[in-house]
Amino acid sequence: MKHIRYIILISLAATMVAKAQPQRIANFIVKENLTQNGKLAIIAIDSAEQPLENINGTFVFELNGFQQDLSFHDGIAVVKHPLASSTFVFFKHKNQDDSIGKLYYIHKSEQALKPFKISGLLLLFIPASLLFIGYLFKRFLTVLVVLAIVYVYFNYSKGLDLSKIIESIFTAIKGLI
């Protein structure tokens, strides 16, 4: 009888001391799904870019403004819909504390998908430097027309939207501060 009391007492003490760690995705990367079926996999990572295998459950992500519930198993979730062609995709996840947003260009070839992460600072510095160069050579109007043509092409054929560009720039600047 004494042993049963000690076991119950130890069990109660252990459950009171043990605390469940909240499931939180602070960072993620995007890769092609292992089955190479045209779908993307989102992998939860830590600050050292090591996969977090303890992440399990359903988390809400926004993909180009469309909200999706992604089921994570061992730190990996697969996007439900396959990609039909190469496109820009803005992934956003909101935690209780902050939100994470990353812009990727997904290149689709016959064999595989290749995601390329695009830094928000590049979206700010490249056009600014092109405008500065155009100003230096007094060809501001020509550079502006070329930028407008490139923007229209990416906007209508590849899914890049001005709001995604601005949100990616602000997310990158917020990450620097």
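## A buried lysine

Buried here means under 20% relative accessible area, while exposed is over 50% and partly exposed is in between (1.4 Å probe, protein chains only). A salt bridge needs a side-chain nitrogen of Lys or Arg within 4 Å of a carboxyl oxygen of Asp or Glu. As for charge, Lys and Arg count as positive and Asp and Glu as negative, with His and the chain ends not counted. Before going on: this is a predicted model, where local features need pLDDT of at least 70, side-chain atom pairs count only at pLDDT 80 or more, and totals for chains, interfaces and linings use all residues. Residues are numbered from 1 along each chain as its sequence is written, and side-chain values use heavy atoms, leaving out hydrogens and water.

Now to K102, which sits in strand β7 (residues 99-108). Strands are DSSP runs of E with at least two residues, helices are runs of H or I with at least four, and both are numbered from the N terminus. K102 is buried but has no salt bridge, and the nearest side chain of opposite charge, E49, is 6.4 Å away. What does the side chain of K102 reach? The backbone oxygen of F28, at 2.5 Å. Contact means heavy atoms within 4.5 Å. Leaving out residues up to four places away in sequence, K102 touches N27, F28, V89, F90, F91 and K117.

## Two nonpolar cores

A nonpolar core is a set of buried Ala, Val, Leu, Ile, Met, Phe, Trp, Tyr and Cys residues joined through side-chain atoms within 4.5 Å. The largest one has 21 residues, and those with the most contacts inside it are I25, F28, L40, I42, F61, F72 and F91. Who supplies this core? At least two residues each come from β1 (28-32), β2 (40-44), β3 (57-63), β4 (66-72), β6 (87-94) and β7. There is also a second, separate core of nine residues, with F88, Y105, L123 and L160 among them.

F72 and I55 are worth a look together. Setting aside neighbours within four places in sequence, F72 is in contact with I25, I42, A44, I55, N56, G57, F59, F61 and A77. I55 belongs to the loop between β2 and β3 and is buried, at a relative accessible area of 3%. Not counting residues up to four places away in sequence, I55 touches Q23, R24, I25, A44, F72, H73, D74 and G75. From I55 to I43 it's 12 residues in sequence and 9.6 Å in space, C-alpha to C-alpha.

## Aromatic pairs

Rings of Phe, Tyr and Trp (its six-membered ring) pair if their centres lie within 6.5 Å; planes under 30 degrees apart count as stacked, over 60 as edge-to-face and the rest as tilted. The structure holds five such pairs. In one of them, the rings of F28 and F61 have centres 5.3 Å apart and planes at 80 degrees, so the pair is edge-to-face. F28 is in strand β1 and F61 in strand β3, so this pair ties together parts 33 residues apart in sequence. Both F28 and F61 are buried, each with a relative accessible area of 0%.

Another pair is F59 with F72: the centres are 5.4 Å apart and the planes at 90 degrees, so this one is edge-to-face too. It links F59 in strand β3 to F72 in strand β4, 13 residues apart. F59 is buried at 10% relative accessible area, and F72 counts as buried at 1%. Ring pairs join F28, F59, F61 and F72 into a cluster.

## Salt bridges

How many salt bridges are there? The count comes to three. R24 meets D97 side chain to side chain at 3.6 Å, N to O. R24 lies in the loop between α1 (2-17) and β1, and D97 in the loop between β6 and β7, so the pair ties together parts 73 residues apart in sequence. R24 also meets D98, at 3.3 Å, N to O, and that pair ties together parts 74 residues apart in sequence. D97 is exposed, with a relative accessible area of 63%, whereas R24 and D98 are partly exposed, each with 36%.

The remaining salt bridge joins K92 and E167, whose closest N and O atoms are 2.7 Å apart. K92 is in strand β6 and E167 in helix α4 (residues 162-176), 75 residues apart. K92 counts as partly exposed at 24% relative accessibility, as does E167 at 28%.

How values were computed: Polar contact = N/O pair within 3.5 Å; in protein donor to acceptor, adjacent residues only side chain to side chain.
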